[in-house]
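Here is a briefing on one structural model.

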Amino acid sequence: MTDAPRCAVAITDVSKVFNPGRANEVHALDAISLRIDEGAFVSLIGPSGCGKSTLLRLIGALTHPTGGGVRVNDKSADQARLDRDYGMAFQTSGLFKWRSVTENIELPLQLMGWSKAARRERAVEMLELVKLEEFANHYPREMSGGMRQRVAIARALSFRPSLLLMDEPFGALDEMSREHMQTELLEIWKKTGKTIVFVTHSIPEAVFLSQRVIVMSPRPGRITADINVDLGERVFETREAPAFFEKITEVREALRSEEGSA
Amino acid sequence: MIAKALHGFGPAGVVGAGSLAFWELSLLLIRPDGFVLPPPSAILVALFENFDEIWVATRSTGYIVITGLIGGVVLGVAWALLISRFRLANETLTPLAISLNAIPIIALAPIFNAWFGLLSPVSNQAIVVILVFFPVFINTTKGLTDVGATELELMRSYAASSWQIARTVRIPNALPYFFTSLKIASSLAVIGAIVAEYFGGRQDALGPFIVQNAGLTRYTEAWAAVLAGSAMGILLYLLSGVLERVSMPWRPASETMGSWDP
């Protein structure tokens, strides 16, 4: 039993209703159950309105379920948030333009009351991890979208949370930066061993990155397929391998069967 | 550095000198007596001939302007901080601020004179404070509350306290808004002070100087005092611009449009 991986996220029969009882009531999520092992890379994919971002926010306790329970690292999601168990990255980098790259990465550490020296040391380490050492003193406006996302990832990891929640972080990037960032993210994942929950609407992205792809459907948001992806070590050639395309087809079929039934 | 500064002066200098030349020459052609509108050269001569008296008046008005400006800015910023922090304060103080602004403030001058004494500077200061308050309050409030959802979610994911959010996000975000309002307020303060002085307050100030000289048909002298008031307004505007640059070093020059930046 000791060999079984610990459970990082446990979602049990969760539903989420926005504006309950009012004219604009929305059933965002219904009967969602999901367990994510520690150290796993899991993607949530589905059409817009399927509640994938809402599900991610429930894990982060940025919003709360109407029914059911969310546990993170065997604590309530709220407690996990207060314990800073997770880091978060969004589609827009959310960097503060009045802070340099280093100061942006130091922000969570500053909020936690770290000393200046300790903060600086960790920021240097994080810049190395995302390969932006020479941009330490730049301001966000001087960087490309991909570089800003790397800073945002460095910031999310700066306080070494065990869990990384990512909401379409590469959604605004061009195709080439996007593939580059995917490779970088996998490298970071391998080096740090974090659990990563990744929301995306790109099928190849989900398949390339994850060990598991959770397919969701809208109105109300439900999990309709849980697809294991075993492509071994991801290298450049992975994107051209037949097994890669087979998985893409499998996910696409799962998404389409949803449209049909809806 | 000096060459760069002079380069910035170039176009403005040409336009300024051109307008003055046009003013001077067209008067020579249309109304050589220069009775109602004197030529710029005559105004400059009057300024130097009455320099001592105008200098004393400018200092006297300057005192009202500076103290009123500081008072109005402190009040406006404090009010904005309060209402961005507490919903109850927003619901009660915002309508109060708006009704305060709806009063024709200059019309209060004679009433304030009755309250504070006809020759007391306090009534003039009060007018300037109320005039300055509103633009500072409105803009600063906008800056404090105009923070993106991503940024706020990010801060919540760090379990940041509302004071931490204010200090690290809201206040830096409000700085550009605040400085825009400061530029508006600095001109308003000069206008408010001089008009208030028409009704009372210290008699050695620019307002009484203009009223008395215009009453004696000494229009050139009145214009010289107007010139001194304009110089004060320009100086305060430039000072606001310098403060803006110093407190927001992260901003590129293109974002500080409207601040005069040689």
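In which sense do strand 7 and strand 8 of chain A pair, and over how many bridges? In this predicted model, strand 7 (residues 163–167) and strand 8 (residues 195–200) of chain A run parallel and share five bridges.

**Sheet in chain A**
- Across the bridges to strand 8 of chain A, A:Met166 has A:Phe198 as its partner.
- Six strands of chain A form an open sheet, in the order 6-7-8-3-9-10. The pairing is mixed.
- Strand 6 (86–89) and strand 10 (222–228) of chain A are the edge strands. Each has a single partner strand, so one side of each lacks a neighbour in the sheet.
- On average, neighbouring strands of this sheet are turned by 15° against each other, direction ignored.

**Helix pair in chain B**
- Helix 3 (residues 51–85) and helix 8 (residues 162–199) of chain B have axes that come within 8 Å. The axes cross at roughly 145°.
- The crossing of helix 3 of chain B with helix 8 of chain B is right-handed.
- Helix 3 of chain B contributes residues including B:Gly68, B:Leu69 and B:Gly72. Among those from helix 8 of chain B are B:Ala185, B:Ala189 and B:Ala193.
- By class, this contact has eleven nonpolar, five polar and three charged residues.

**Contact between the chains**
- Chain A brings 16 residues into contact with 15 residues of chain B.
- Helix 2 (77–82) and helix 3 (101–111) of chain A each supply at least two residues of the chain A side.
- The largest share, three residues, comes from helix 3 of chain A.
- The chain A side has nine nonpolar, three polar and four charged residues.

Terms used
Residues numbered from 1 in each chain as written. Chains lettered and ligands numbered in written order. Predicted model: local features only at pLDDT ≥ 70, side-chain atom pairs only at ≥ 80, totals over all residues. Contact = placed C-beta atoms within 7 Å. Helix = DSSP H or I, 4+ residues; strand = E, 2+ residues; numbered from the N terminus. Nonpolar A, V, L, I, M, F, W, Y, C, P; charged D, E, K, R; others polar. Pairing = 2+ DSSP bridges. Axes fitted to C-alpha atoms, helices over the stretch in contact; angles between N-to-C directions. Left-handed = near helix turned anticlockwise from the far one by under 90°.
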